[in-house]
Amino acid sequence: MITPPVLQKGDTVAIVATARKNIEDNLQPTIDLLHSWGLEVVIGSTIGLDLNQLAGTDAQRAADFQKQMDNPNIKAIWCARGGYGTVRMIDLLDFSTFKKHPKWIVGFSDVTVLHNHLNTLGYKTIHGTMPVSIPRTAPESIATLYKALFGQPLAYTIEPTPMNRFGKAKGELVGGNLSILYSLFGSPSAIDCSDKILFIEDLDEYLYHIDRMMMNLKRNGCLESIKGIIVGGMTKMKDNDIPWGKNALEIIEDVTKSYNIPVVYNFPAGHIKDNRALILGNTITLEVTATGTTVVFE
């Protein structure tokens, strides 16, 4: 996997919208944060565009992203927010210049489309908090994003959770939002799970949808071939009038219990305040024990 150049003071970061519109005047805290890191900021043309739910047409969102990818002065692209819509523009993008001069792509949730697509092309990306969330993001989360962008050592020690499955594994970290992962299987943007460590998180899903998606991962062979699982936030889950009978973590446990791999639950990443940065595509060592979990990025 190719690692984009780490950021240096004086570099420029572009903020764009690839999915849901961002028409509020809400980016100043993020601009101030980037300035405090010694970075310059460019606001993409999609910020402020308003087409129903989306930040402009598919062509407009793709053109803005393409412009930032092809601009040699832009060293990282930070997606403003998630929602839905990145998949509508992914096939409009030309990554030929990006391959010659890769840069960090940052975000989570719907940005999983970009994470997975770039993983298939052989490039690392950063799963982390987004500009619209900065005012309500935990300081620890912001600090880890800085470390990831500037190439500082990244490692986590997490308190134990009773459901954890003990073990140790080493492999490339892949994944992101479970709903997006599920939607990409069978497409050119689908990740290869073989010998990888899979990270998943999700928001605002019905519990039976979680079961459906986990069964898909099992039936398409993804779970058969992975070395470990990191489960982040499963936030604001919904149920039907007739209960499914298990919560999201219990569903994941039920589907994965037959595999002899380490599994850690409640990892601080996803649609939660403490959304720690993860370098997808990076080799990590995952160790889950009775006293806690460690995740170390090589």
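This is a predicted model: local features need pLDDT of at least 70, side-chain atom pairs count only at pLDDT 80 or more; totals for chains, interfaces and linings use all residues.

## The nonpolar cores

Start with the largest nonpolar core, which has 68 residues. Within that core, Phe-65 and Ile-230 touch the most other members. Leaving out residues up to four places away in sequence, Phe-65 is in touch with Val-16, Thr-18, Ile-77, Cys-79, Met-89, Leu-93, Ile-105 and Leu-114.

There's another core too, lying apart from the largest one. This one has 27 residues, including Ile-191, Ile-210, Leu-223 and Leu-249.

## Helix H10

Helix H10 runs over residues 248-256, and its buried residues include Ala-248, Leu-249, Ile-251, Ile-252, Val-255 and Thr-256. They sit on the same side of H10, because they cover an arc of only 160 degrees around the axis. So what do the buried residues of H10 pack against? Their partners are strands S8 (196-203) and S9 (228-235), along with helices H8 (207-219) and H9 (222-225).

Now look at the N-terminal end of H10, which Asn-247 caps. One of its side-chain oxygens is 3.1 Å from the backbone nitrogen of Leu-249.

## Asp-110 in its loop

You'll find Asp-110 in the loop that links strand S4 (104-107) to helix H5 (112-121).

Tyr-84 is 26 residues away from Asp-110 along the chain, yet their C-alpha atoms are 5.9 Å apart. The side chain of Asp-110 also makes a polar contact with the Thr-86 side chain, at 2.5 Å. A polar atom of the Asp-110 side chain lies 3.3 Å from the backbone nitrogen of Gly-85.

Terms used: Residues are numbered from 1 along each chain as its sequence is written. Side-chain values use heavy atoms; hydrogens and water are left out. A nonpolar core is a set of buried Ala, Val, Leu, Ile, Met, Phe, Trp, Tyr and Cys residues joined through side-chain atoms within 4.5 Å. Buried means under 20% relative accessible area, exposed over 50%, partly exposed in between (1.4 Å probe, protein chains only). Contact means heavy atoms within 4.5 Å. Helices (H or I, at least four residues) and strands (E, at least two) are DSSP runs, numbered from the N terminus. The arc is that of the directions from the helix axis to the C-beta atoms. A polar contact is a pair of N or O atoms within 3.5 Å; within protein, one must be able to donate a hydrogen and the other to accept it, and residues adjacent in sequence count only if both atoms are side-chain atoms.
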